[in-house]
Structures are given as structure tokens and as C-alpha cells.
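Subject: Handing over the two-chain model

Hi,

Here is the structure I promised to pass on to you. Please have it open while you read, and my notes follow just below.

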Amino acid sequence: MAHAIPTVVSGSAAPPPAQRRSRTGYILLFPGIAWLLVFFAIPLVTLFATSLQVPVPGKPGYFEPGLQFSNYATAMSEYWPQFVRSLVYAGIATALALVIAYPLAYFIAMKAGAWRSFLLVLVVAPMFASFLLRTYAWKTILADDGWITSTLNSLHLLPDHRVLNTGIAVVAGLTYNFLPFMILPLYASLSKIDPRLIEAGGDLYASPIWTFAKVTWPLSLPGVVAGTLLTFIPATGDYINAQLLGSTKDHMIGNAIQINFIQFRDYPVASALSFVLMAAILILVFSYIRKSGTEEIV
Amino acid sequence: MTGTHDRSGRSLSRRTVLQATGVLGVGLAASACGAVAPQGGPAGIAIDMSDTDKSLNWSNWPLYLDVNEETKNYPTLSAFEKQSGITVAYTEDVNDNNEFFAKVRTQLEQGQDIGRDLVVLTDWMAALWIQDGFAQKLDKANIPNAVNLLPKWQDVNFDPGREYSLPWQSGFGLLGWNKAKLKDTLGVSVLNSVDQLWDPKLKGRVTVLSEMRDTMGILIAAQGDDPSNFTEDQWNKAIATLTQQVDNGQIRQVTGNDYAGALESGDVIAVIGWSGDMIQLGEDFGIALPESGGSLWTDNMEIPALAAHKKNAELVMNYYYEPAVAAQVAAYVQYICPVAGAQEAMASVDPALQENPWIFPTPEMLTNSYVFMTLSSEQDVKYQRSFQKAIGN
């Protein structure tokens, strides 16, 4: 390259070419960094600053900048049950989604043949309807006089004699709403597996189950990890399912944040809750990724 | 192109962009501070453009104005536009007092126009707007029909003499039920006491309102106290009742308007609900004021500080205080009409509704319903917290 030849002798003029090249890199990075700065870093700092604000004496609902770390203690001592409930509900929903999605994704990727794209469209199709409407529809499906509830009741499986407005309904709603986010990454991983590897397992006298455990499952792990993250993270912060399908005893951390922000106008506590939620999810996700050992997806 | 030229050009553009980002960042930070810093009240001065700009932005609650189901327009509003030459942008974007306030609060505090000239807020929120200087004083010269306001609504403690607000509609918080289901479970066709809601046969089939003043007002009245003037102990007693019924599973959910759907599907049999909602549900559903008393609330029209079309807003208020127009609205929304003469005017709109006590309540019904005690901001926060805690928040 012509630029590689030093042309200027005087000390101060042109920078060494290597430096110039790296500057080009920065300029190309600029839009991305600016985006992160404006839409991620600044809001995050603002959120953190808000979580430390101090109430203005005599003016409820008004706050001034401060360093009140006790907001975090208040938030956690008041809302730890909702916090634990969020993690438990989201955890169960993620596990259920994995159990439902894996066979489905496996079938679409390995067995569906010409039906592949059609089935994938069917997986995504419900997302064309609004999230809120789909959740409302579950109210009808799980109604007290509906066939699901009557069937379960005749088997004496329901302690409260109902499904709607219980924790079961909330977990069902979460599982349903985030299922496509589990299926799609699983499908992507499974469809990339070379069928000859599975055949080779059979050629080496491994049983189908053994082949699955030693070949298919490990190769699909990136999809499992991506799918569980894409389901677990939004499910933890969700509040619509708990609000529409739950009772007063099923509120999650999202409900607590919403109530504090809108009803109580307690912005510091709402911000502190959001911040703790974010931190907890980050820690869980990192330890999960380290454990599952699929670094390539991060 | 020489290396030097190239370099200066590049670094200049980079600096400019960085400056721009800096400005943007400071701007964001400033607006973020403004959202939380205490302010004395609106800073700017409203300039009324009504005479030159014949338009009006009105924010109201859903299903709160007569609609022609075929053309999907608002007959009374169209008539007003024709008669006054003012174009009205009518938006149903008030779904919840707190939610709406959260949306416009920052602008109000910074003394900015919120882009609305007329808003409809429930008593306590209307009171907060007046107290914090977010509402403009009405020029009654533009609203001669304001004299049609019924005496019951003329003097409210948050706005004596109605200088800042005019009622839009009122309603009762009361008992509601699904007739067929109630007959099946309790064997009665009418509910008349709050205690009936706590019958074990209705376990998990009862909802109460998430609006603190309606639910708590009715519970306080049910224990024999006065919701418009109660003590700390009386409040705590009512909260204990609520907590108990939530914890033992008697109360299935605490909702806003959502209870209507649950009553229709039969999942919920009896509720503490709102009169207008219940009437709109139709014949299969019953309502009654509890013997101990129901709650009475009012939604009020107010003009936000710095609204650009104050006079136009006052003209529309005046228009809706004509008895004939008020009757037309009441016939559709079926809430209590606060306009004198509307009952007589109803004869030509829908004679069947003329004696409807839910639109034109009898004096006894008004005596048997309470306006919730006016709370200071501190009390409001304290009671809201206590209420929300009882209902699982």
C-alpha cells in the first residue's frame, strides 16, 4: 500500500501509518459507540443516580440528587418475596419451555422435510398478534367453566378449584408467551448438525439414546443456552402475565416496579428495584454461561 | 491530497461530532434532573391562541362520550364543531389517573405545554393539579351555563366555588353481581350488604376495585364509620378486613375495569364495581348501593397550565353544560349527570332513562353515598402504601 511509505520528514506533521489506520477503526466504531452511550450508558447512569435520590421534605413524590444507599435496603426488605417469586416463576417457565420446545425444534429441524418453513411460520405466527391480546385470550382458555379447568377439577388436581388467577396460570402464560424465543435458537442449532455425525454414532454401535446424549445434545447446546437466556431474562421482568392471569398473591418484581413508579411515585425505590433485577440477572447469566461452557455465544 | 490536509479534515469532523454528542448528553442529563428536581410550579405564562387558532385538544377516559356506532363519530362533539367552528381533537388517553399524571408530570413541572387544552381527572387528582398549580382558573364569562351545575357538586373542598374545575360525570362505587350465578351459589337475587361478599360460598369469586377510594370507602362505611371523615384506627380496621379477605382467598383479584369481563364469563360472581360499567353490561347483571353506603366520585374537567386554547376549552365546557347536550351524553355513558335540567331534557332524548336513578339519583341515594375524605399528599402516600400492601403489592 502507498500509505505504508513514510512521506513526511518534519516531526510534527503526519502520524505513523499504524496510528492512522487505528484511527479509521475508531471512526467506523463511532456510530455504535455513540448509540451505546446515548441509549444505554446515559440511561443506566441516570437510573443509578435516581436510585440514590433523597425525598424532598414535605413534598411527597419529589426527590433531589443524593447518595441514599438505604433505598436499596428498603426496596429489598419490602419486595424480596416478589423478587424470589419472579426468579422461581421465570425458572419454571424456562424449564417447561425447554421441555416443550426441544422435541418440537428437533422434529422441525430433522424430520419435517419439506414442511420445515411452513412449521417455522406456524411457530412465529402467534407473534403477529399483540402480546396483550394473546395473554387476554388465556383468560378465556383457563376460565373457571372452561374445559381445561373442569377436567383438572374432576381429577381433583386443583387445590383452589381453579386455574385462572393462580400461580399456575402465570407460569403457563409466561411459558406460552416466550416459547418461540426458545424454539427458534434451538432450531438454528439443531438444523446445523451434520446428519452424518448421527449416522456415525449408529455405525459405532451406539444406541439412539446414547447417540443423542453424546452427539446431538452437546452440538445443540449453544441453542439451549441462547434459548434459555432469551426466555428467562424477559420472563423475570414481565408483569403483564402476573397482572392479568395472577391473583394478588402472584405479583412479580415487574409489578412492584410499576406500582412504585406509577402509584407511589417513588422513583428511587423503583429504580433501585430495576437495578437489583438487572444485576441479579447479569450474575445468573454469567455464572450459567461459565458453567455450560459455550463461550462462543457471548 | 496531502497527509496533513487529510488529518485536519478528519479530526475536525470528529471533534464536531463529539461536541454534538456532548450537547445531546448534557441535554438528556438536564431533562433527567428536571424530572425529579423540586419545582415551585409552572414557570411560563400561558398565551391563549383560541381566537386565531380554532382548535382544541381534549383528553378523556374511554367510553365517556356519546358515540354513533355506525359512523364512529361523536354526535354531540360534531354538533359543537359545526356550531363553533372549532376543530376538536378528542383522545381517549386517560386510563388511570396516576398513569396519565406520570405521563405529563415532567412537562407540567417544567412549565411546558402538555399539548392538551382540556383534561378529565377524578376528584383527588383534580385536587392535586389545583394544589400544585397545574390547572388554570376558569373564566366563567365564557361558561355562562356553569350555573346549571347541581348544588350537590357546587362546593367541593378541593375547589370551593368551582373556580378551577367543572364536573364531567359522577358515579357510584357499589355492589355488582352476575344474576344467574348469584342465584346458583347464594340462592339470593340481590346483594345489599358488604358482608355478603365474604360468604364462604363465594370464595375466590369476588373482586374489588384497585381504586383505593372506592374499595376502602365502601369498607369503612360497612364497619359503620364515615369515609369522608375517618380516623387512623378506623382505617386500620378496614385494612385488616381487606387483608384477611385477600389472604384467605375470598378476594380473587383486585382490578380496574377488568372485572367486567370476569363477571361476564362467570369466573367472578360479585364485585365492588362502578355503576356506569355495570349498567353497560346489561340485564343479566345487578347493582345496588350497599345499605351501609356506597362511594360517590366525580371526574372533573380542568384546563392544564399553559394550555394554548383556554377559551376554546371553556366554550366546550359551556356547550356540555347545556341540559339537552348533557342529556345526550348521559344517555350513552349512563353515569350520574351533574347538570340541572338534563333530566327534563332527557324526555326528548330517551324517555325511558328519565327516571333512571343511576343517571339521576334520588336525594336518598346521594345521602347514602360518601365522597372520600380529602387527603394531604403525605396522607395519600401513606394510605396508598397501606392499601397496596394489603392487596399484594
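A word on accessibility, since several residues below are described by it: buried means under 20% relative accessible area, exposed over 50%, and partly exposed in between, with a 1.4 Å probe and protein chains only. This is a predicted model, in which local features need pLDDT of at least 70 and side-chain atom pairs count only at pLDDT 80 or more, while totals for chains, interfaces and linings use all residues. Residues are numbered from 1 along each chain as its sequence is written, chains are lettered from A and ligands numbered from 1 in the order in which they are written, and side-chain values use heavy atoms, with hydrogens and water left out.

**Between the chains**

Let me start with the interface. The size of an interface is often given as the accessible area lost when the parts come together. Here, buried area is the accessible area (1.4 Å probe) that two parts lose on being put together, summed over both. Chain B and chain A bury about 4200 Å² between them, and carbon and sulfur atoms give 51% of that. With contact taken as heavy atoms within 4.5 Å, chain B brings 48 residues to the interface and chain A brings 47.

The interface holds 5 salt bridges, a salt bridge being a side-chain nitrogen of Lys or Arg within 4 Å of a carboxyl oxygen of Asp or Glu. There are also 21 residue pairs in polar contact between the two chains, both residues at pLDDT 80 or more. A polar contact is a pair of N or O atoms within 3.5 Å; within protein, one must be able to donate a hydrogen and the other to accept it, and residues adjacent in sequence count only if both atoms are side-chain atoms.

Which element of chain B gives the most to the side that touches chain A? That is helix 1 of chain B, with 11 residues. Other elements of chain B that each supply at least two residues include helix 3 (97-109), strand 6 (251-255) and helix 15 (377-390). Helices (H or I, at least four residues) and strands (E, at least two) are DSSP runs, numbered from the N terminus. By residue class, the chain B side divides into 18 nonpolar, 13 polar and 17 charged. In that count, Ala, Val, Leu, Ile, Met, Phe, Trp, Tyr, Cys and Pro are nonpolar, Asp, Glu, Lys and Arg charged, and the others, Gly among them, polar.

A:Q82, in helix 2 (residues 70-111) of chain A, is worth a look too. A:Q82 counts as buried because its relative accessibility is 7%. Leaving aside residues up to four places away in sequence, A:Q82 touches A:H251, A:M252, A:I253, B:G392 and B:N393.

**Salt bridges**

Over all chains, the count comes to 14 salt bridges. One of them pairs B:R205, in the loop between helix 6 (179-186) and strand 5 (206-209) of chain B, with A:D144, in the loop between helix 4 (131-141) and helix 5 (147-154) of chain A, so the pair joins two chains. The closest N and O atoms of B:R205 and A:D144 are 3.6 Å apart, and both residues are buried. A:D144, B:R205 and B:R252 are linked in a network of salt bridges.

Within chain B, B:K382 forms a salt bridge with B:E232, at 3.3 Å between the closest N and O atoms. This pair links distant parts of the chain, with B:K382 in helix 15 and B:E232 in helix 8 of chain B, 150 residues apart. B:K382 counts as partly exposed at 40% relative accessibility, and B:E232 also counts as partly exposed, at 37%.

In chain A, the side chains of A:D194 and A:R196 meet in a salt bridge (2.7 Å, N to O). A:D194 is partly exposed at 27% relative accessibility, whereas A:R196 is exposed at 59%.

**The two domains of chain B**

Chain B is divided into domain 1 (55-168 + 298-359) and domain 2 (171-296 + 375-390), with bounds that come from an automatic or database domain assignment. Their contact takes 11 residues from domain 1 and 16 residues from domain 2 of chain B. The two domains bury about 1300 Å² between them, 59% of it on carbon and sulfur atoms. In domain 1, B:W124, B:Y335 and B:W358 lose the most area to domain 2, together 50% of what that side buries. Between these domains the count is 0 salt bridges and 4 residue pairs in polar contact.
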